[in-house]
Amino acid sequence: MSEQDVAGNNFLRSIIRKDIEAGRLQGEVVTRFPPEPNGFLHIGHAKSICLNFGLAEYFGGHCHLRFDDTNPAKEEQAYIDAIQEDIHWLGYQWSGPVRYASDYFDTLYDYALELIRAGKAYVCELSADQAREYRGTLTEPGRNSPFRERSVEENLTEFAAMRDGAYDEGTKVLRAKIDMAAPNMNMRDPIIYRIRKQSHHQTGDKWCIYPTYDFTHGQSDAIEGITHSICTLEFEDHRPLYEWFIDNLPVPAQPKQYEFARLNINYTVTSKRKLKALVDEGVVDGWDDPRMPTIAGMRRRGFTPAALRQFCEMVGVARSEGIVDMAMLEHAIRDDLDKNAPRAMCVMDPLKLVISNYPEDKVEQLSAPGHPNRDNLGERVLPFSREIYIERDDFREEANKKFKRLVLGKKVRLRSAYVLLAEEVVKDEQGNIVEVHCSYDPDTLGEDPADGVKPKGVIHWVSAKGGKQATVRSYDRLFNHPAPDRGGEEFMAHVNPESLTVFEGCWIEPGLAECAPESRFQFERTGYFVADRYEHSSEQPVFNRTIALRDSWGKADQ
């Protein structure tokens, strides 16, 4: 395997390869994915999942799933379940059992005692405002807390009292004793335990003090034998603290932390706070709304695991921050669905056509390929009858030569069916066209007209007999601004008012009603759609638009 093959656009593969070649690993490569169970995972987490599980897979190692459950006030079992489901849906399986940082609370407490006994941690009673003042600034050193020189015995007594619930929240914390003048603010005696009188979803009421992420992170990695602890760049300044804890505690392994640039995509937001606001304020219909950048939302929208994995591979892994164009993600989706989605026909804004020379009681069973390039997707059956539906904008009474659909007095071919000639329109009292009367040429099924004049247009259709009615939700980008939350902008002001259009009374070919939820299709000439994960049924078919056939946003941007 060449270095280029290993590294590609992923510098972490190169680092791991060099560690292996230098003999720095005692065993297999072990990575971990450590989500907080305080919300649904989004597209940025998908990149982290693909990276951590992908690296372990690439090097024949293991990847752990460990929930960073150190803040029980914001955590829920529902999020834990959703995260596991997202990982499985993306096609990954963690090594061993599901792990929790809370599995190590007893060990972490013992590690805190080790630091106290070594004179490297102390109980501090500064208020939050006082601690902020004592901490200093980026240009000025901090000042030592007046509680910094407490004796080991007093600190042990105070910490035990914290654990036993003797103090209120916010009155005392345990801090590491490092250096209040350190240039790196994270090293200025960081908090490692705080009082939280909150029941925990895993440990119940056993604890009323909880370790901070910084104290939990590295020690959990060490306990699990993680070899490469991979974080996003905002944790780069935390790495010296990660290493200080590892160096000053009797941990069983020496993991190393590496950082990569997080995934930033235009036309979206990935802040959990902002995503929660979208849900709480009713802008979207929940965390799995198909417009949300959550994995659950993208799944319900009809994105495929393969497309998301391919997108993450295309984006690559870099050390510098950048903005990825949403069009790259949409290209990955289109490319996958174009190759794999069966074709079908759906009329979203129906106009009735009556074929006057077709027998009223006759229904033919025509056939069409499931996919133009995939013989394994077989054929689909299309009932054909005297009355059919076409898209309203596929007909005009008059049109210029550029309009290659059905025009009064002209011919058009129905997809996988006959050639029609539009002869007459029927209008209501307001002058709206309600029916178009046509004639068909019975010799044109799969054949050109005998007069040799081929119709210039082909349109899709659904039979009134045998066709089914459905609800179709046409989704688009949730935001109409490429940077909705940057530069002090109020991101809610950039919500796209046309991000959802619901079409009732659409006509679909009969096979679509019988498909399973989450079945994906290309609705010919329209776009890619998926049967809704929760609401689709044969009695009430519901489809969500995944993406249009072509990128209309690229032209708008230009």
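Predicted model: local features only at pLDDT ≥ 70, side-chain atom pairs only at ≥ 80, totals over all residues.
**Entry 1: strands**

I started with a strand pair: E12 (residues 350–355) and E15 (residues 387–391) run antiparallel to each other, with five bridges between them.

I found an open sheet of seven strands with mixed pairing, ordered E21-E18-E19-E20-E12-E15-E22. E21 (458–459) and E22 (462–463) are the edge strands; each has a single partner strand, so one side of each has no neighbour in the sheet.

**Entry 2: Leu-366**

I then went to Leu-366, which sits in strand E13 (residues 364–369). Buried or exposed? Leu-366 is buried, at a relative accessible area of 5%. I listed its contacts, skipping neighbours within four places in sequence: Arg-380, Val-381, Leu-382, Phe-384, Ser-416, Ala-417, Tyr-418, Leu-445 and Trp-461. I also checked one C-alpha distance: Leu-366 and Phe-384 are 18 residues apart along the chain, and their C-alpha atoms are 6.8 Å apart.

**Entry 3: nonpolar cores**

Which residues have the most contacts inside the largest nonpolar core? I got Ile-49, Ile-87 and Phe-311, in a core of 37 residues. The elements that each give at least two residues to this core are helix H3 (43–58), strand E2 (62–67), helix H4 (77–90), helix H11 (295–301), helix H12 (305–315) and helix H13 (326–340). H3 gives the largest share, six residues.

I zoomed in on Ile-49. Leaving out residues up to four places away in sequence, Ile-49 touches Phe-33, Leu-41, Gly-54, Ile-87, Leu-90, Tyr-92 and Ile-295. Another core, of 32 residues, lies apart from the largest one and includes Phe-105, Ile-192, Ile-195 and Trp-207. For background, I jotted down that nonpolar side chains tend to be buried together in soluble globular proteins.

**Entry 4: cysteines**

How many disulfides are there? I counted zero. I looked at Cys-50 to see why: its closest cysteine sulfur, in Cys-312, is 4.0 Å away, which is too far for a bond, given a cut-off of 2.5 Å. Cys-50 is buried, with a relative accessible area of 12%.

Cys-208 is in no disulfide either; the nearest cysteine sulfur belongs to Cys-124 and is 18 Å away. I looked up burial here too: Cys-208 is buried, with a relative accessible area of 12%.

Terms used: Residues numbered from 1 in each chain as written. Heavy atoms only, no water. Helix = DSSP H or I, 4+ residues; strand = E, 2+ residues; numbered from the N terminus. Buried < 20%, exposed > 50% of the residue type's maximum accessible area, 1.4 Å probe, protein only. Contact = heavy atoms within 4.5 Å. Core = buried A, V, L, I, M, F, W, Y, C linked by side-chain atoms within 4.5 Å. Pairing = 2+ DSSP bridges.
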